[in-house]
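Let's walk through this structure together, with an eye on how its parts meet. Have the model open and follow along.

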Amino acid sequence: MASSLLNPAARAQAAWDVTAVRRDFPALEQTVHGHPLVYLDNAATTQKPRPVLEKMLAFYQQDCGNIHRSIHQLGERATEAYEKARLRTQAFLGAGSAHEIVFVRGATEAINLVAQTFGRQRVGAGDRVLITELEHHSNIVPWQMLCEEKGAHLDVAPIDDAGELIWEEFIARLTPRTRLAAFAHVSNALGTVLPVRRMIEAAHAQNIPVLVDGAQAAPHLAVNVRELDADFYVFSGHKVYGPTGIGALYGKRELLEEMPPWQGGGDMIQSVSFARTIYNRVPYKFEAGTPHIAGAIGLKAALDYVSTLGLAAAGAHEDHLLRLGTERLGALPGLRLIGQAREKLGVLSFTLAGIHPHDVATLLDQQGIAVRAGHHCAQPVMEHFQVPATTRASLALYNTEAEIEALARGIEQVQKIFQ
Ligand code: PLP
């Protein structure tokens, strides 16, 4: 259609060669219970493309040495590859310096690191920390623990029934005692995209630093931490087609410099004596012990992969599938879509009248369709919508229109069984 050709998103979507993309993911070639795998649990973790698998294997086959300590050839190769991964992550996030990238196990560890260093330093009795109602447990519990320890108060900005942040309520909770605001860029349970740029601006207007949980944004959106002016930004490699056990914490350099170290051990020090230890410079100060070297190498391969394909084109493809899925699933009788924010990414969370989400997921699995059922580590969101759980289909750049149709038909099958 002529009109859609004028639309850049439609053009990008039309150019997306999903068949070629799928060939990069060996896991997608399998059958499950005799059916071709339809993998729709990408918000939990994504499948891995060949370059990620190959680079990790090559590291273990040829370059396996420890980093920042061994003078020999393998150690030097490992160190170089690990630091290249840091540079790649810096570019991926648009950070100003590689020294602002701390490798961690994932978003959870990054948030705990900030809570237990920056948080412990800055939050005292009677102070407040602000989060939102749609956070993953990883961005709730570390702050609860901190507030409990310090005698501080955890404020929660509520969402409405579409799953959107209520702006005035958020603003009302930016108080003179608020020492930090921490919120998701994208909700894992609902797919809501939060207006993080405006939220950061509003928090900064009151001198409140901000941590953004980008676990669900990094796989779908081009992030630029400097444009956002985020003080901290965290994500997990395994949700961006990379390995498990590796992720990154971005922190503004001046903040990282001021923060005390988190874990003590090798590599985070410059010198140790029984009288006194001098800590290493950032980011090494926060990377005690032997890190996930192969993970960092795999993460670099994953970030190279998505950047080469283009997150904008992938996003347009996923957005097309989301619209299709919303229309198709929304028309099924007895199906309630949970979370209908105007700005939304890649998540179809739903309930079926009279059928428990765990039964839905089990019966879909019998048809080779992988979805997640449960509270999605976001129990307060379930509470808001007064459901114990939902079934969640979540999209990635390799999903297809046929898979959305398979999901819809699968749900119809489940409904027939319960009729
Ligand atoms: N934050 C959000 C929004 C998430 O969706 C997740 C994982 O699902 C996390 C944090 C935690 O990520 P990880 O388990 O990789 O640390």
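This is a predicted model: local features need pLDDT of at least 70, side-chain atom pairs count only at pLDDT 80 or more; totals for chains, interfaces and linings use all residues.

The protein chain is divided into domain 1, which covers 7–36 + 310–417, and domain 2, which covers 52–308.

Now look at where the two domains touch. On the domain 1 side, 33 residues are in contact with 33 residues of domain 2. The size of an interface is often given as the accessible area lost when the parts come together. For domain 1 and domain 2 the buried area is about 2,600 Å², and carbon and sulfur atoms give 59% of that. Leu-311, Leu-345 and His-384 supply 27% of the area that domain 1 buries against domain 2, more than any other three residues.

Polar links cross this boundary too: 20 residue pairs are in polar contact between the domains. There is also 1 salt bridge between domain 1 and domain 2. The side chains of Arg-342 and Glu-164 form a salt bridge, at 2.4 Å from N to O. On the side of domain 1 that touches domain 2, α13 (311–330), β14 (347–352) and α15 (379–384) each supply at least two residues. The largest share, 5 residues, comes from α15. By type, that side of domain 1 has 18 nonpolar, 9 polar and 6 charged residues.

Finally, find Ala-172 in helix α8, residues 167–172. Ala-172 counts as exposed because its relative accessibility is 53%, above the 50% cut-off.

Note on methods: Residues are numbered from 1 along each chain as its sequence is written. Side-chain values use heavy atoms; hydrogens and water are left out. Helices (H or I, at least four residues) and strands (E, at least two) are DSSP runs, numbered from the N terminus. Buried means under 20% relative accessible area, exposed over 50%, partly exposed in between (1.4 Å probe, protein chains only). Domain bounds come from an automatic or database domain assignment. Contact means heavy atoms within 4.5 Å. Buried area is the accessible area (1.4 Å probe) that two parts lose on being put together, summed over both. A salt bridge is a side-chain nitrogen of Lys or Arg within 4 Å of a carboxyl oxygen of Asp or Glu. A polar contact is a pair of N or O atoms within 3.5 Å; within protein, one must be able to donate a hydrogen and the other to accept it, and residues adjacent in sequence count only if both atoms are side-chain atoms. Ala, Val, Leu, Ile, Met, Phe, Trp, Tyr, Cys and Pro count as nonpolar, Asp, Glu, Lys and Arg as charged, and the others, Gly among them, as polar.
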